[in-house]
Structure formats: C-alpha cells, structure tokens
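Start with the view below.

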Amino acid sequence: MYPSLEGKVVVITGAASGLGKSMAERFGAEKAKVVINYFTEEQEVKGIIETIEKAGGSASAIQGDVTKEEDVKRMIAHAIKTFGSLDVMINNAGIENEVPSEELTLDDWNKVISTNLTGQFIGCREAIDYMLENKIKGSIINMSSVHQEIPWPHFVHYAASKGGVKLMTETLALEFAPYGIRVNCIAPGAIDTPINAEKFADPELKTGVIELIPMGYIGKPEEIAACAVWLASTEASYVTGMTLYADGGMTQYPGFQAGKG
Ligand code: BGC
C-alpha cells in the first residue's frame, strides 16, 4: 500500500474497462479520490464506483471523448469541482485495430492517432496547466505499450501512436521537471483485457502470444495497476521521463531464449 496516495485526486481516462478499470479500483483501494472517465459504458462504471467506495476510496464518473479538447477540460474541471484538486493524471484511453498497412485508410490512421496520441497530449497539457497554476507537484502517467519499442506489422498506426507517446512523455518530463511535475509512461505487454478478448479466445492465437512472453503467461490488469500506484506515489519521487515496462520480458528478445542465436 502507498499511504502517500490517500486523498489524492486521480483522473483516469478510459476507466470503464480493462487497464483503466483495474487502475481505478487499485487507486480506490489506496483511498484516493478517483475520477473515472468513460466513453460509452455508463453501466459498468457504477460497479467500479461501488467497489471503490466499499474499499474506502471515493469515486465519481464523467463521460467524455479524449479526442475533444472541451471534453478533457470538462473532466479536469469535474475533478476540481468534486474533489478539490488534481494530483495524478492517467492518460489511458486507447484503441487498436488490425489492418495490413497498404489497406489502412486515413480515417483509421487518424482515429488511432487522435485517441492514443493526441488524446494523451490534451490530457497532459490540461493537467500540467492546472498543476503549474496551482503549484502542484503532480504525477502524469501515460499508457504506452511494448509497441513503443517493438515494430508491429498490421498495427502501424498503433505502433506509431505509442512511439509518439514515448517521446511526448520524455519531452514533457524534461520540460516540467523543474516544477516537480513527473511525467512517465507504462508499457504493458499482452494483458488479459477486453481489447485482447477476441484474440485470446482463439487458442492458437493465444499460444502464439504466450510464445513471445519469456515469463510464459498473459499479464493480469492488476499487475499494471500495481505499476501505476507506485509511479504515482512518493516512492517514485525521483522518477521522471521513464518507461516502466510490464511485459513479462516481451521486450527482452524472447527469440534468443535458451541460448539461441
Ligand atoms: C496490445 C495488445 C498486444 C500487446 C503485445 C499491446 O499494446 O494492446 O493487443 O497483445 O501489445 O503485442
């Protein structure tokens, strides 16, 4: 547990399911005040709020599209109005779809870039602006992916967005370090979340993914949430501009395991 998170106000985008949901529940268990942004899944959010309140945290939900500036501004205003501040911003909302690159439409490219990269930028900018103005030494966590590092055929838009998240994170970390605002990213590997449900429902595809993971299993959302609470806590007070890979070793060249090469 991280006592420094008690009472801290945390905004998490795309928190109705998957990693966002898991992080919301974990911050709730740390007795933080959690603003849960969702896009369409209003019903699911009610259950998350109940779980958080039972654990002794507080939570409030707000609908919003991370690609729209006015929606992101509204999310942050909601946090300030409801809980009085903003200490931790987690830019988590993201999408992916598989398309061979020669067939990828500009529309699909733009959708992924605007959610995964531009949406995260808006979240960073709005949070930093508030933190600067209010002299808050806050923490910003951007959800990246192993594909900020590993090229991924048929997902060129996704890989490009995550590569962008990496350098955006590092640049903002450098720019705002003098103000005590830390900006980091988490790069999960293959995690058991709805974004992967279809793929993991197919035993052959699932086995193919597991072969790429030296630790030999698909990660659990709670294993990513554990990274997020640490990064947001004072335990990580000297950590900025970093990527925390949580991938079971996926980025360590699994093809070279057992003396190959
Ligand atoms: C993607 C998953 C994928 C994993 C490893 C993640 O960023 O969301 O769909 O399984 O990377 O390739």
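## Ligand site

A polar contact is a pair of N or O atoms within 3.5 Å. This is a predicted model.

For His 147, a side-chain N or O atom is 2.6 Å from an oxygen atom of the ligand. For Tyr 158, the distance from a polar side-chain atom to a ligand oxygen atom is 2.7 Å. For Lys 199, the corresponding value is 3.0 Å.

The residues around the ligand also include Glu 96, Ser 145, Val 146 and Trp 152. Gly 189, Ala 190, Asn 196 and Met 250 complete the set.

## Helices H1 and H2

H1 spans residues 18–29, and H2 spans residues 42–54. Their axes lie 8 Å apart, at an angle of about 25°. H1 and H2 are therefore roughly parallel. Their crossing is right-handed.

On the H1 side, Lys 21, Ala 24, Glu 25 and Gly 28 make the contact. H2 meets them with Ile 48, Thr 51 and Ile 52. By class, this contact has 3 nonpolar, 2 polar and 2 charged residues.

## Helices H3 and H4

H3 covers residues 69–83, and H4 covers residues 106–133. The two axes come within 10 Å and cross at roughly 40°. That makes H3 oblique to H4. The crossing of H3 and H4 is right-handed.

H3 contributes Glu 69, Val 72, Lys 73, Ile 76 and Ile 80. H4 contributes Ile 122, Gly 123, Arg 125, Glu 126, Ala 127 and Tyr 130. The contact of H3 with H4 has 6 nonpolar, 1 polar and 4 charged residues.

Methods. Residues are numbered from 1 along each chain as its sequence is written. This is a predicted model: local features need pLDDT of at least 70, side-chain atom pairs count only at pLDDT 80 or more; totals for chains, interfaces and linings use all residues. Side-chain values use heavy atoms; hydrogens and water are left out. Axes are lines fitted to C-alpha atoms, for helices over the stretch in contact, and angles run from 0 to 180 degrees between N-to-C directions. Helices (H or I, at least four residues) and strands (E, at least two) are DSSP runs, numbered from the N terminus. Angles under 35 degrees count as roughly parallel, over 145 as roughly antiparallel, 65 to 115 as roughly perpendicular and the rest as oblique. A crossing is left-handed if the near helix is turned anticlockwise from the far one by less than a right angle, and right-handed if clockwise. Contact means heavy atoms within 4.5 Å. Ala, Val, Leu, Ile, Met, Phe, Trp, Tyr, Cys and Pro count as nonpolar, Asp, Glu, Lys and Arg as charged, and the others, Gly among them, as polar. A residue is near a molecule or strand if one of its heavy atoms lies within 4 Å of it. A polar contact is a pair of N or O atoms within 3.5 Å; within protein, one must be able to donate a hydrogen and the other to accept it, and residues adjacent in sequence count only if both atoms are side-chain atoms.
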